[in-house]
Structures are given as structure tokens and as C-alpha cells.
Amino acid sequence: MPNCAPAMRPSATMVKFVVEYGKDTAPPAPDGRLDAPTFHRNHEPIWSAIAGFLGGQSGDVLETGSGTGQHAATYARRTPRLTWWPSDIYPSHLSSIAAWREHEGLANLRAPQRIDLTDPEWTWQADGRSGGALAAMFCVNVLHISPWRVSQNLLSGAGRLLRADGRLFVYGPFMRDGEHTAPSNAEFDATLRAQNPQWGVRDTRDLRALANDAGLTLADITPMPANNLVLAFARAIRQN
Ligand SMILES: C[S@@+](CC[C@H](N)C(=O)[O-])C[C@H]1O[C@@H](n2cnc3c(N)ncnc32)[C@H](O)[C@@H]1O
């Protein structure tokens with residue numbers, strides 16, 4: 001099973017990888033809720049990049065690789081016209097997401113489902129039914145700590161599942177057109193690849209190519225603190 005991300009970007013003196021929340025981070029609360037230290041740093045900057053789109057939407061948002069469930073719970077509270085569908089692969093993470101859902105008591109936050117992006121035919125279930133077209137998809141800090149096929153399957157899934165005006169938002173560290181955006185990201189990339197040769201900081205150029213294959217376009221790139229980016233993918237407009 002793939003491991004989770006580093007808790008913090010490594011420096012010369014510190015390298016710390018989180019394999020699974022609750023094992024390499026603080027243990028869960030008695031009700032199963034886990035806490036991701038990165039959530040506290042990331043969720044407001046990410047919100048600033050996605051709120052403009054999500055604030056005007058209604059419909060369904062699928063989050064893949066939800067981890068503890070804190071992003072879905074926080075953003076569901078801010079977007080009452082959207083229904084959030086969190087997902088992950090680790091049982092402990094699915095339990096945490098369910099516990100956060102119970103804790104928050106939000107009508108528009110659905111039970112977590114197991115979605116493994118290594119499966120090229122992955123899909124989502126809406127209330128037991130096969131899910132319909134999504135207003136948005138959301139994926140934070142997953143692509144660099146998973147095999148390349150996870151990126152491939154995320155983009156192809158977005159091509160299948162997003163509605164015509166839908167968006168896929170992806171947050172993390174990325175190279176831009178073959179170049180690292182900072183020396184610390186190059187160092188981080190090397191650390192990731194040493195940990196697992198299937199991991200690594202992905203390149204916007206490669207993701208753009210995957211998007212194009214899926215009928216999508218890399219519509220927007222928003223710089224984030226600590227040399228991260230939010231990538232927004234939208235359906236490509238067909239030229240007749
Ligand atoms: C660094 S954690 C990020 C969690 C959460 N998005 C956040 O930012 O707090 C990476 C997440 O990706 C999930 N993940 C790893 N491989 C996956 C896969 N093949 N399919 C779906 N999720 C996966 C892990 O279980 C973990 O929850």
C-alpha cells in the first residue's frame with residue numbers, strides 16, 4: 001500500500017515521512033479523528049485558490065486521498081450548496097474521515113468511500129448508486145507520494161467524471177515545464193525518490209499531457225506558500 005507524504009518538507013537537518021496518520025503522527029482521538037499537521041498550514045491558502053470557483057457552484061465534489069478528512073469537513077462547512085464525497089485507501093484514514101463527519105454533523109458531507117487511484121477503472125458511488133457528473137474533484141498532496149499511474153488514473157477519471165463545467169483541483173509540489181520551482185523542491189524530490197523510486201515531484205508538463213489525453217486542459221496554476229501550487233484542470237473546449 002502506498003505510503004503517505006512527508007509531514008514536512010525536508011531540510012538538511014530534518015527528514016520526516018508520514019507513512020500513515022496516527023502511526024507517524026499523533027494517535028487518533030478516542031472517536032478515531034486524526035490530525036494532519038499539514039492541514040493547519042495548507043487549508044487557508046488552498047481555499048483562497050478554490051473558493052472563487054466552488055463558492056458559485058452546486059452539485060457534488062469528490063475528494064481523493066482525503067487522509068484525515070479535515071479538508072473535506074472544513075470546506076463542506078463553507079460550501080453548503082455542494083455535497084462533499086471524501087475517499088481514501090487506508091482503513092484508519094476512512095475511520096478518521098467518518099469520525100470527523102460525525103463530529104462536524106454536516107448534512108453535505110457524505111460517508112467516506114474507498115477509492116484506490118491505482119485502479120484505472122476507479123469510480124465513485126453516490127448514495128449506493130454509481131455517481132453522476134461531478135462539479136469538482138479535489139486532491140491534495142497525493143501525486144508525489146504515489147506511483148505515476150495514480151496521476152494517470154486521477155486525470156483519466158476526471159475526464160470521465162467531471163461535468164462539462166467541472167474542475168479538478170490538485171495541490172502539491174510540482175515542477176514547471178521541466179524545472180523545479182526551488183532548490184528545496186529538488187531536494188525534496190530526491191528524498192522522495194530515494195524513499196520509493198515510484199514517487200517523485202510531478203511535472204506540470206507531464207500532467208498537462210495526461211489532461212489533454214483525457215479531454216481536459218490545465219486551465220490555471222496558482223502559486224501557494226512553500227513552493228507548492230494549485231493546478232486547476234477544466235474540460236478542453238472542442239474546436240469544430
Ligand atoms: C499526504 S496524505 C494527504 C492527505 C490529505 N489529502 C491531506 O492533505 O491532508 C496522502 C494521501 O493519499 C492517499 N493515497 C495514497 N495512495 C493512494 C491511492 N492509490 N489512491 C487513493 N489515495 C491514495 C493516502 O492514503 C493519504 O491519505
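Visitor: What span should the 14 residues of helix α3 have at 1.5 Å a residue, and how far apart are its end C-alpha atoms?
Guide: In this predicted model, helix α3 covers residues 91–104, and at 1.5 Å a residue its 14 residues should span 20 Å. The end C-alpha atoms are 20 Å apart, which agrees with that expectation.

Visitor: Which residues of α3 are buried?
Guide: They are His-93, Leu-94, Ser-96, Ile-97, Ala-99 and Trp-100.

Visitor: And what do those buried residues pack against?
Guide: The buried residues of α3 pack against α2 (70–78), β5 (87–88) and β6 (113–114).

Visitor: What comes just after α3?
Guide: Gly-105 does, and this residue takes a positive phi of about 60°.

Visitor: Let us turn to α2. At what angle do α1 and α2 pack?
Guide: Helix α1 (residues 37–54) packs with α2 at an angle of about 40°, and their axes are 11 Å apart. The two helices are therefore oblique to each other. Their crossing is right-handed.

Visitor: Which residues meet there?
Guide: From α1 the residues are Phe-39, His-40, Asn-42, His-43, Glu-44, Ile-46, Trp-47 and Ile-50. From α2 they are Gln-70, His-71, Thr-74, Tyr-75 and Arg-78.

Visitor: How many of them are nonpolar, polar or charged?
Guide: The contact of α1 with α2 has five nonpolar, six polar and two charged residues.

Visitor: Now α4 and α6. How do they pack?
Guide: Helix α4 (residues 148–161) and helix α6 (residues 204–213) pack at an angle of about 40°, with 9 Å between their axes. This pair is therefore oblique as well. In passing α6, helix α4 makes a right-handed crossing.

Visitor: Which residues make the contact?
Guide: On the α4 side they are Trp-148, Ser-151, Gln-152 and Leu-155, and on the α6 side Asp-206, Leu-207, Leu-210 and Ala-211. By class, the residues of this contact divide into five nonpolar, two polar and one charged.

Visitor: What about the length of α4?
Guide: Helix α4 has 14 residues and reaches 20 Å from its first C-alpha to its last, close to the 20 Å expected at 1.5 Å a residue.

Visitor: Which α4 residues are buried?
Guide: The buried residues of α4 are Val-150, Ser-151, Asn-153, Leu-154, Leu-155, Gly-157, Ala-158, Gly-159 and Leu-161. Among them, Ser-151 and Leu-155 also take part in the contact with α6.

Visitor: Is Trp-85 buried or exposed?
Guide: Trp-85 has a relative accessible area of 5%, so this residue is buried.

Visitor: What does Trp-85 touch, leaving out residues up to four places away in sequence?
Guide: Trp-85 touches Asp-60, Val-61, Leu-62, Glu-63, Arg-110, Gln-113, Trp-124, Gln-125, Ala-126 and Asp-127.

Visitor: How far are the C-alpha atoms of Trp-85 and Asn-108 from each other?
Guide: They are separated by 8.7 Å, and the two residues are 23 residues apart along the chain.

Visitor: Where do Asn-141 and Ala-226 lie?
Guide: Asn-141 lies in the loop between β9 (134–140) and α4. Ala-226 lies in the loop between β13 (216–224) and β14 (228–235).

Visitor: Which of these is buried, and which exposed?
Guide: Asn-141 has 19% relative accessibility, and buried means under 20%, so Asn-141 counts as buried. Ala-226 is exposed, with a relative accessible area of 53%.

Visitor: How far apart in space are Asn-141 and Gly-67?
Guide: Their C-alpha atoms are 9.6 Å apart, and the residues are 74 residues apart in sequence.

Key: Residues are numbered from 1 along each chain as its sequence is written. This is a predicted model: local features need pLDDT of at least 70, side-chain atom pairs count only at pLDDT 80 or more; totals for chains, interfaces and linings use all residues. Side-chain values use heavy atoms; hydrogens and water are left out. Helices (H or I, at least four residues) and strands (E, at least two) are DSSP runs, numbered from the N terminus. The expected span of a helix is 1.5 Å times one less than its number of residues. Buried means under 20% relative accessible area, exposed over 50%, partly exposed in between (1.4 Å probe, protein chains only). Contact means heavy atoms within 4.5 Å. Axes are lines fitted to C-alpha atoms, for helices over the stretch in contact, and angles run from 0 to 180 degrees between N-to-C directions. Angles under 35 degrees count as roughly parallel, over 145 as roughly antiparallel, 65 to 115 as roughly perpendicular and the rest as oblique. A crossing is left-handed if the near helix is turned anticlockwise from the far one by less than a right angle, and right-handed if clockwise. Ala, Val, Leu, Ile, Met, Phe, Trp, Tyr, Cys and Pro count as nonpolar, Asp, Glu, Lys and Arg as charged, and the others, Gly among them, as polar.
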